[in-house]
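Me: I have a model open and want to learn to read it feature by feature. Can you take me through it?

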Amino acid sequence: MPQRHDGNTRPSRLRTSPSVICACVVLLFVDLTVAFPTVRLSSRTTNSCFNSCNSICSERENHSVCAGFGGVGRHTQQFWKTKRPSSLAPLHAKSKSYSDSQDEFQRSLLAAKIANDIKGTAVKEESHRQERAEKQIVKEKEKLEAAVKEVQEAAQNVTQSAKTLGGAVISNSTEVKEAVVDVSQSAKSLGGAVIFNGLGIITRFLTTLLGSEEFRKDILRRKPHYLSDWTDGFKRKRQVIPAVLFLYFACLAPAVSFGTIASEITNGSIGVVEFLLGSGMAGVMYSIFSGQPMAFLAPTGLTLAFTSGLFRFCSLRQMSFFPVYAWVGIWTSFFMTLLGVAGSSKAIRYCTRFTDEVFNGLLSVNFIYEAVSSLRRNFMIAHMNDPMNLTMPFVALSMALGTFLSTMKVVKFEATKFFNTKIRTQIKNFGPVTVILTFTLLNLLPWFKKFHVPTLIVPDTFQLAGGRSFLVGLKDIPTNYRMLCAFPAILLTALFFMDQNISVRLVNSPDNKLKKGPAYNVDLVALGVITGVLSIFGLPWMCGATVQSMNHVRAMSETRLNPETNEIEIERVTETRLTGFIIHAMLASTVMLLPLIKTIPIPVVSGVFLFLGRKLMTGNSFLQRVTDAFAERRRLPDNNPLNLLGRKKTLIYTGVQVLCLLGLFGFKQISSITIFFPAMIGVLMSIRAFALPKIFSDDDFVALGDPTPV
C-alpha cells in the first residue's frame with residue numbers, strides 16, 4: 001500500500017506505472033477511431049499497438065489494475081476486429097460523403113480558376129489585337145496624309161515652276177531651260193503621286209467589272225466542258241485527222257493571200273511570214289482560252305483594209321508605222337477586255353438575222369471576188385507580155401475551176417448512192433486535201449512546168465519583213481501620240497466587236513446543233529488579250545473568221561440525208577479544241593517549210609477561195625430568197641416566205657438586203673474611208689430597228705425568220 005503523507009512531509013516523485021501507460025494508449029486509440037472514422041489504419045499497426053499493451057500488462061497480471069487494463073486492451077482489440085465495421089458504419093458514411101463534397105468543391109474551384117485564366121488570356125489577346133489594328137489604322141492614315149501632302153507639294157512645285165518659267169521667258173533663255181526642267185520634274189512627281197495613289201481606285205474598278213453576271217455565267221457554263229473539249233477530239237481521230245488536213249490548207253490560203261496583199265499596201269512592212277506567225281499564234285491561244293473553240297481567228301479583208309488606212313495615215317503624217325500600229329492594238333486590247341468582262345456581248349442580240357445575213361453574204365462575196373481578181377490578174381499580165389499567147393491564164397483558170405468543182409463533188413459524195421457509208425465518209429473527209437495535193441503535184445511535172453503557172457510568193461528563209469526586230473519600239477513616238485492612238489482604236493474595237501460576235505453567233509446557231517453552250521464574253525476577253533500580244537510583236541491583227549469557222553463546224557459534223565427534203569442535215573458535231581490547236585500550230589510552224597509552200601500554185605489557192613465562199617452561202621436564207629424569187633410558188637414549201645407573205649413583201653425585204661450588201665461592198669472598195677467601216681454595221685442595225693418596222697409587222701418578221709428582239 002502506498003504511504004500516506006501529510007503537508008509537512010515532502011511527497012515522493014510520482015512514478016507512472018506500466019498499466020497506466022497501457023490504459024492511456026488504449027483509450028487514446030479508441031478515441032481516435034471514433035472521432036476520425038475516415039482514418040484507415042492498417043491491421044498490422046493496430047495489432048502491434050494492442051500486443052504491446054498486453055505484453056506490458058502480462059508482466060503484472062497479478063496486479064489488479066494492470067489486469068483490468070490488460071483486459072480492456074484485449075477487449076478493445078477484439079472490438080476493433082469484430083464490432084467496429086458495423087457499429088461505426090453510419091459515421092463512416094457521413095465522413096465519406098463529407099470527403100466527397102470536399103473533393104467536388106476542390107474540383108469546382110479548380111475549374112473556375114482555369115476558366116478565369118482562359119478568359120483573362122482571351123481578353124489580353126483581344127486587347128493586343130485592338131492595339132495592333134489601331135496602330136495599322138494610324139500607319140494608313142499617316143501614309144494617306146503623306147501621299148496627299150506629296151501631291152499637294154508636287155502641285156505647288158508645278159505652279160512655282162510655271163511661274164518661274166514665265167518670268168524666265170522675259171529675262172533670258174538660260175533660266176528658261178532651267179525652268180522647263182523644273183516643270184518637267186514637278187509634273188513627273190505629280191503624275192507619279194497620282195498614279196501611285198490611284199492604283200487602288202483602278203483595282204476596285206476592275207474588280208467591279210469582273211463581277212459581271214454575264215461574264216461569270218459564261219465561265220460557269222463552259223468550265224464543266226473544258227476537259228471534254230480536248231478528250232472528245234482524241235476519241236474521234238478518224239474525223240479529226242482529215243478535218244485538220246483540209247482546214248490547214250483552208251487557213252493557209254487566206255494567210256498567204258492577205259500576206260501578199262499586205263506586203264504591197266504597206267511597202268513590205270508586213271508580209272507573208274508575219275501573217276503565218278500571227279495566224280498560228282492567235283489560233284493556238286484562242287483554242288486554249290476561248291469560250292467557243294469551234295470558232296476560228298484569221299486575217300479578214302476588213303482588218304486588212306483598216307491596216308491599209310492606218311499605214312496611209314502614218315505615211316502622210318511622216319510617222320513611224322509600227323509604234324502607232326502597236327499602240328492602236330494595245331488600246332483595242334484594253335477596250336475589248338473591258339467590254340468582255342463587263343458582259344457587253346448581250347447587246348449583240350439587237351443585231352438581228354437581217355444584219356447577220358447581209359454580213360455573211362459580204363464575206364462570201366469577198367472570198368469569191370478575191371479569187372476572181374487573182375485569175376483576172378493572170379490574163380492582164382499575159383496580155384501585157386504577149387497578147388497572142390494566153391495559154392498560161394487559161395491553164396490557171398482550168399486549175400482553179402478544177403480545184404473548186406472537184407472539192408465540191410467530194411464533199412457532197414457522202415449523199416450519193418455509191419459504195420457503203422464508211423467509204424463515202426472517208427472520201428468526203430480526205431477528198432479536199434487529195435484534190436489540193438493532186439493539182440500541186442501536177443504543176444511539178446516537167447511537161448506541165450512549161451505553162452509557167454504562178455506559185456505562192458513567200459521568202460526562202462524565216463525573216464521578218466525589212467529585217468526588223470521581233471519587238472516593236474513602243475517609246476519611239478511621243479506620249480501625246482500614244483494617247484491619241486485611242487481614237488482609231490475605238491473604231492477598230494467596234495469592228496472587232498461586231499465581226500467577232502457575228503461570226504461566233506453563226507457558229508452557235510441552233511441549226512448547227514451544238515450542245516455545250518456559248519460564251520460570248522469569254523471570247524471577247526480572249527480576243528482582246530490576243531490582240532495585245534500580236535500588237536507588241538508587230539504581227540497582223542486577227543478576228544473572228546466566219547468562213548473558216550463555219551467550215552470547221554461542217555468538217556466536224558456527222559450528217560445524214562433527209563429523205564423528205566432530200567437535203568443533208570447535221571446529226572451531231574464533235575466540239576473540240578484539239579483541231580484548232582493542231583491546225584494553227586501547223587500554220588505557225590509553216591515558216592520552217594517555206595520552200596515547200598512555194599510549190600503550191602496560186603490558182604489552186606483561188607479554187608479553195610471559191611469553195612470557201614460558195615460553202616458559206618449554204619444556209620444563208622437571204623441568198624436562198626434571191627434564187628426563190630425566180631421560182632414557181634407552187635413548187636416551194638408551205639413555210640416559205642413567198643407563200644406566207646406573198647411575193648411583193650418578200651421581194652421588198654430581200655431587195656433592201658441586196659442594196660445593203662452592195663453598199664457595204666462598195667464602201668469597202670474605197671480604201672481612203674475603210675477605216676470607218678464599223679459604222680456601216682451600225683447603219684444596218686438602224687435600218688432594221690427603225691426603217692423596216694414601218695413596212696413589216698412583227699408577224700411578218702417572224703415569217704421571214706427575223707423576229708424582233710425583246
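This is a predicted model: local features need pLDDT of at least 70, side-chain atom pairs count only at pLDDT 80 or more; totals for chains, interfaces and linings use all residues.

Me: How many helices and strands does the protein chain have?
Reply: Helices (H or I, at least four residues) and strands (E, at least two) are DSSP runs, numbered from the N terminus. The protein chain has 27 helices and four strands.

Me: What share of the residues count as buried?
Reply: Buried means under 20% relative accessible area, exposed over 50%, partly exposed in between (1.4 Å probe, protein chains only). Of the 710 residues of the protein chain, 43% are buried.

Me: What do the contacts say about sequence separation?
Reply: Contact means heavy atoms within 4.5 Å. Take contacts between residues at least 6 apart in sequence: 79% of them join residues at least 24 apart.

Me: How do I check the length of a helix, say α12?
Reply: The expected span is 1.5 Å times one less than the number of residues. Helix α12 (residues 321–341) has 21 residues and should span 30 Å; its end C-alpha atoms are 30 Å apart, which agrees. In α12, 15 of the 21 residues are buried. G343 follows α12, with a positive phi near 75 degrees.

Me: What about α17?
Reply: α17 has 22 residues and reaches 31 Å from first C-alpha to last, close to the 32 Å expected. Of those 22 residues, 18 are buried, so α17 is largely enclosed by the rest of the structure.

Me: How is helix packing described?
Reply: Two packed helices are described by the angle between their axes and the distance between the axes. Axes are lines fitted to C-alpha atoms, for helices over the stretch in contact, and angles run from 0 to 180 degrees between N-to-C directions. Helix α13 (residues 353–385) and helix α17 (residues 486–507) pack at about 95 degrees, with axes 11 Å apart. That makes α13 roughly perpendicular to α17 (the range is 65 to 115 degrees). R353, D356, F359 and N360 in α13 meet D499, I502, R505 and L506 in α17.

Me: Which residues have the most contacts inside the largest nonpolar core?
Reply: A nonpolar core is a set of buried Ala, Val, Leu, Ile, Met, Phe, Trp, Tyr and Cys residues joined through side-chain atoms within 4.5 Å. The largest has 127 residues, and those with the most contacts inside it are L252, L276, F321, V328, F496, W541 and F677. Helix α9 (residues 237–265) gives the largest share, 15 residues. A second, separate core has five residues, including F215, V341, V522 and V525.

Me: Is Q292, in a loop, buried or exposed?
Reply: Q292 sits in the loop between α10 (272–289) and β1 (297–298). At 1% relative accessibility, Q292 counts as buried. Beyond neighbours within four places in sequence, Q292 contacts R222, Y286, V504, V507, N508, L514, G517 and D523.

Me: Where is N640, and what does its side chain meet?
Reply: N640 lies in the loop between α23 (621–628) and α24 (641–645). N640 is buried, at 10% relative accessible area. A polar atom of the N640 side chain lies 3.0 Å from the backbone nitrogen of L642.

Notes: Residues are numbered from 1 along each chain as its sequence is written. Side-chain values use heavy atoms; hydrogens and water are left out. A polar contact is a pair of N or O atoms within 3.5 Å; within protein, one must be able to donate a hydrogen and the other to accept it, and residues adjacent in sequence count only if both atoms are side-chain atoms. Angles under 35 degrees count as roughly parallel, over 145 as roughly antiparallel, 65 to 115 as roughly perpendicular and the rest as oblique.
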